[in-house]
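Me: I am new to this structure. Could you show me how to read its features, one at a time?

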Amino acid sequence: MAENMLDASNVGIAKGREGGYACVAPAGTDPTTFIDMTKTLAELCKAPSAVLKSLGYISEDGVTVTTDTDTDDKTDWSGVTIVSPMTSYSEGVEVTFLEARDTVLKTVYGDANVTSDGKGTTTVRHNKNFTGAHLFIFDAVVSDTKVKRVVIPNGVITERDDQEMNNSDLAGYTPTIKCLPSDFFEGDCMREYIYDTTTVAA
């Protein structure tokens, strides 16, 4: 069947998918078990052998995927650029988590830097030991009929934005997740899957 020149079903405003926006799992977790788009993140978290944990609410700014490349222009004798080979490539994710749940705190500040005394008090140590790798998954609705899942098998938080506490904005935790190449994905930094919910299984 020929593709339509214009198709509004491919157009929409991305927003968090009902059933969970973001999850995290330990580094080294096989991401291919989370590609089933018919299941929400909440459903994946409830599986008997689940290692995924919810990262809760995300701010209205959503998720920003960044790409950073460098090239090395080569010129001929007259100064005209004739080739421009890429010398570096990296991807990252910027997001603000709104919940002060243990999963978020351990992910942002380091698993070993967050402890609870069992009496209602959680202690968060602030130091340089917060760069452990994790698997991250983000789910979004991108049109009336399509959802997108971004899977990052080897994400490392390398930066944390300033934490603001005021009487007008929701308090949150804003890390930058550097997406490193993954052997699970043949060296890819991340993969995104777009699922058409109107698809009928054969």
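Reply: Happy to! Let's start with Ile-82, which counts as exposed because its relative accessibility is 56%. Buried means under 20% relative accessible area, exposed over 50%, and partly exposed in between, using a 1.4 Å probe and protein chains only. Ile-82 belongs to strand β6, residues 81–83. Helices (H or I, at least four residues) and strands (E, at least two) are DSSP runs, numbered from the N terminus.

Me: What should I know about the model itself?

Reply: This is a predicted model, where local features need pLDDT of at least 70, side-chain atom pairs count only at pLDDT 80 or more, and totals for chains, interfaces and linings use all residues. Residues are numbered from 1 along each chain as its sequence is written, and side-chain values use heavy atoms, leaving out hydrogens and water.

Me: Is Leu-55 buried or exposed?

Reply: Leu-55 is buried, because its relative accessible area is 0%. You will find Leu-55 in the loop between β3 (53–54) and β4 (58–71). Leaving aside neighbours within four places in sequence, its contacts (heavy atoms within 4.5 Å) include Ala-22, Phe-97 and Phe-136.

Me: How is a pair of aromatic rings described?

Reply: By the distance of the centres and the angle of the planes. Rings of Phe, Tyr and Trp (its six-membered ring) pair if their centres lie within 6.5 Å; planes under 30 degrees apart count as stacked, over 60 as edge-to-face and the rest as tilted. This structure holds 2 aromatic pairs. In one of them, the ring centres of Tyr-109 and Tyr-173 are 6.1 Å apart and the planes are at 85°, so the pair is edge-to-face.
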